[in-house]
Amino acid sequence: MTTRKTKPFSRRHFLYGAGGAALALPALELTHGEGLAQLETDPMLFVVHNHGGTVSARTARGTLHDGSGGHHAENFWWADGPGTLRADALGPIHRGLLDPFVAKATVFKGITNQAAYRNAPHRGGHRWSNVSHNTCAQVHQSGEDNPRVRDPSFDELIAIATEDVSAFRTIDLELQSQHYGSPFKTSSGATRSSESDARRAFDNLFGHLDDSADDALLAEGRRRQRVLDGVRESFARLRQRAGVADRAILDAHAEHINSIERSVERLANASACSAPEINLSAEGYIARGEVLVDIMIAAARCRLSRVFTYQIGDLMLPGGSFDQPRGHSLGHRARDTTGGRRSEWLNIMEENRRARFSLFTRLLAGLEATPVGDGTLLDSSLAVYSSEFSNAAAHSVVDLPILTAGSAGGTLPTGQSLAYEPEGGDEISNASTHNLYTSLLQAFGLDVEHFGDDSCSYRGVLRGYEPS
Amino acid sequence: MGVSSRLWVVSSLALGACNGSISEVTPLAPPAPTIGVIEDVPAVESCTEPDAAPSSWRQLNAVHYRHAVATILGHELDAELTLDEKQGTVFSERGVTLLNDVARQIAAGEAIDCADEGCAEETIGTWATRAFRRAPDADELATLVGIHDEARADGESNEAALGGVLEILLQAPQTLYAAVRGEPNDAGLVRLSDVELASKLALALWDGVPDPDLLAAAEGGELSTADGVRRVAEGMLEEPRAAVNLSHFIFEWLGLGGGAVREPLESAAKDAELFPDMTPSLRAAMRREVEMLAVKAVLEDQSIEALFNSRDAFVNEELAALYGVDAPAGGEGWIVLPESERAGILTRAAFLTNYAGHLYGSAIRRGVFVLEHALCEPLGEPPPNVDDTPINTAGDSHITNQRDAVVSRTQGTQCQACHASINPAGFLFGQYDAIGAYQAEESFDGAAPELIDPSGSVLGQSFRDAVELSAWMAESSEARSCMVRELFKWSAGRHAHEGDGCALASAHATLAETGNLRDALLELVSSESFRFYRPEPAR
């Protein structure tokens, strides 16, 4: 069990109250409706987002295609089931790669991003799907601006609840390529930036570990905190003059300042840990992705954060026959509208998605190889792999490819293939990402009865995936 | 029809286009409303009452910020500043973190000439005035001085303590946003103060912050009337900074800086075997040509006709070779391009390179640009199931040219909702390859060479080729109206909203009458929409 540190009252605390947390909490209370409780367990969260969807037979409307016509009508994700997850019954993307972890994983079928499905102009669309995927929030779009949310992604709530116990509030990495916006949002809906440069990530995470906490370092920490206090005080003052729209923008900006300040503060208290030896000079897309995964594993072993996110950009690899440096078109191509090359495109698509999924199983292997108490870091953590689309060709937010591994310290069931089918003539099942993330938040000890807006079919935890 | 409903119709038409069935993608509900974005510009004669849009504080972008830093310090900075060059409507976490790093970097490298306490407050006051583009109020100054004193009490030297204050100023919101307060008037609007207006003008016309002369003009009351603003703005346009700003405007309007699905000009992918001459220096020459033509058209010729129809080109040897003309004496300078091949900015290599694939020019991308960005004809989002892969005709011996390939790809009835307009506009550019070289015939996808048919149409009018289209656009009311919107967006740092209509109407009337882009810009920055804002309703 982890306890929060107590700190003496200071001007800094006053400022946090005036311009810091006070800026963020109203948005949480308004749309997510629940206060945050103290954590009673210390699991880590790893969220891997694979941009650009995969291949499934379920279209944007929910229709299950039969293999004819313009949709690829293939299932690369689902395991045979439902029931016990077996290595010999995994979907093509997982086959072989997930075998060592079937007892600790859960594959989902039939979960929809209902915030996008019910409200978006095209029942999804790139940007709308991305901003709502992890937030389950109402999306706002003004004029020609891109869609935005004003609420956090589920991982942010866990980050807020755990920020006092980690050197880094979150660690966000990205294997960079084309995509339509990060799905990881702060409490005001601003995008959390991800680091894609392995060297910078390594230096930021481990650079301080070789420094001794001498007087000069402590003085530098105090100086940086003083500067950030001054900046936040400036925000508080200017905010009083702002109208509603400008105030919201200032609040999002100030939240980033708060985030920097907390990092400065935490770094001074980081626990001792040896900087890992990682070859940072790998070449090739997947190899570079593996380096970032290894950095994430090393940071987890040093307990530098409790919340890790990892975005896999949408690049067409491997298979160099495709003549565009980005990958989403591959999903469209895999619909085989031109005839004659269907199997070729599908093979490339499968190979591509398996290569990306291998980054996730590399993470699982690293966590599994890290002993924690009587088990492993994978046992005490929860890793989530998902994408904003299922059928990439149709930009479908129905039947999303979602997989979890680990049990968050024994609170979530594992080793299953959970399927949610449409009932009573409905086009989609009643299971939404709202419900899944509610389950995850409760598993992390947050007192949240329902996450996200009310666009879903039912409130509360995902049936069949209730935390114990 | 309001903007929301119009876009809804466009979206509905686009839905299901290109190889999908309409029933498959029929949405449950209309798209979320677009809030207050103006669609129809009123007739200028109907603009009898003052009007303005609600306040929206402009944030400094990376270009503005570099200017601001030099102004605060009182000298140019040698060091490169790593900033978020692509910031959106709000500062990203990365952008804020980079600003924090940059502020520390600048403060650490700045030689602060103030060893004792006596000059501290004066130094802080000077920096704050430059940073905020106004004098700090007493509370602001007291806070900054207090932080300096805290640092001194913590054992820092006077210079180090001042460095901390400088760090604060370099990332304070008063520095990073052009915040306005203003004074209400009888018409229910709020007038920006002269000093606030100076900041807004500097962002609009210089892509930066006001210099001491501009602030002095504001404090001297020279910006208190529309005529005064216009006079000052005319003077500002004489400055070299204005030329840089306008070339930047044209560059961004053309989308040459890249986008979500398009690389910047500098890195647009091209096949190395097909285009071995596509060097970084050739790309730089393409960029330079656009910048030079923009300045010439807007500030020197002061003519939208020159922008769309001029054959003058600023080239070096590489670019001259691409255009098939002799290089100017000295290797770089102005030349005149062949009359039958080039006319205006849309027939230049930079635009044609960016709106192309790595093998071929792209009729679809070029057509979309002409309709959406040069004529402001909204097409809506592409449908979810659009096939945007490069056209590949392997196995189809009937398709032997790009035109037929595009037709084949977009022949579905639902595709035609948009492609009936896009394709004929894009076909006009068929005689330019993937890096903008002129070609009378093409060898498409391994087929025998064929003469290219560059005929097409835009808004129902037929044209022989892109040269003829450009001549029409130079005179077209639609292109002028669209250019006014783009100028507004650039100068105001936002889209036009309700309340901005009369400013657009007035600028459009000017441009329609004279074709003078400079005058249209002056009309915008001296309008009520620029100088006032509408307060939020009381709650």
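This is a predicted model: local features need pLDDT of at least 70, side-chain atom pairs count only at pLDDT 80 or more; totals for chains, interfaces and linings use all residues.
1. Residues are numbered from 1 along each chain as its sequence is written, and chains are lettered from A and ligands numbered from 1 in the order in which they are written.

2. Disulfides. A disulfide is taken as a pair of cysteine sulfur atoms within 2.5 Å. By this rule there are two over all chains. One joins B:Cys114 to B:Cys119, with an S to S distance of 1.9 Å. The link of B:Cys114 and B:Cys119 is right-handed, with 115° about the S-S bond. B:Cys114 is at 2% relative accessibility, so it counts as buried.

3. A disulfide also joins B:Cys376 to B:Cys482, S to S 2.1 Å. Its torsion about the S-S bond is about 80°, so this disulfide of B:Cys376 and B:Cys482 is right-handed. B:Cys376 lies in the loop between helix H17 (363-374) and helix H18 (402-409) of chain B, and B:Cys482 lies in helix H21 (residues 477-492) of chain B, so the pair ties together parts that are 106 residues apart in sequence. Helices here are DSSP runs (H or I) of at least four residues, strands are runs (E) of at least two, and both are numbered from the N terminus.

4. A:Cys456 counts as buried, at 11% relative accessibility.

5. Strand S11 of chain A. This strand covers residues 402-405; A:Ile402 and A:Thr404 point one way from it, A:Leu403 and A:Ala405 the other way, and all are buried. Two strands are said to pair if DSSP finds at least two bridges between them. S11(A) runs antiparallel to strand S3 (residues 105-109) of chain A, to which four bridges join it. In that pairing A:Ala105 stands opposite A:Ala405. S11(A) also pairs with strand S10 (residues 382-386) of chain A, in the antiparallel sense and over four bridges. Here A:Ser386 has A:Ile402 as its bridge partner.

6. A sheet in chain B. Three strands in the order S3-S4-S11 form an open, antiparallel sheet. Its edge strands, each pairing on one side only, are strand S3 (183-184) and strand S11 (532-533) of chain B. S3(B) is joined to strand S4 (residues 190-191) of chain B by two bridges, and the two run antiparallel. B:Glu183 stands opposite B:Arg191 in S4(B).

7. The second largest pocket. Its volume is about 500 Å³. The lining counts 24 residues, and the closest to the pocket centre are B:Arg66, B:His67, B:Val69, B:Ala70 and B:Thr71. Helix H3 (62-73), helix H5 (120-132) and helix H10 (212-219) of chain B are the elements that give two or more residues to this lining. H3(B) supplies the largest share, five residues. By residue class the lining divides into 10 nonpolar, five polar and nine charged.

8. Terms for point 7. A pocket is an open set of points on a 1 Å grid over the protein atoms alone, where a 1.4 Å probe fits, with protein on both sides within 12 Å along at least five of seven lines; lining residues have an atom within 4 Å of a point. Volume is the space filled by probe spheres set on the points, which are joined across faces, edges and corners. Ala, Val, Leu, Ile, Met, Phe, Trp, Tyr, Cys and Pro count as nonpolar, Asp, Glu, Lys and Arg as charged, and the others, Gly among them, as polar.

9. A:His256. This residue lies in helix H7 (residues 244-268) of chain A and counts as buried, at 2% relative accessibility. Its side chain reaches the backbone nitrogen of B:Glu93 at 3.3 Å.

10. A:Tyr117. This residue lies in helix H2 (residues 114-119) of chain A and is buried, with a relative accessible area of 3%. Its side chain and that of A:Glu427 are joined by a polar contact of 2.9 Å (a pair of N or O atoms within 3.5 Å; within protein, one must be able to donate a hydrogen and the other to accept it, and residues adjacent in sequence count only if both atoms are side-chain atoms). A:Tyr117 and A:Trp128 are 11 residues apart in sequence and 9.8 Å apart in space, C-alpha to C-alpha.

Methods
Side-chain values use heavy atoms; hydrogens and water are left out. Buried means under 20% relative accessible area, exposed over 50%, partly exposed in between (1.4 Å probe, protein chains only).
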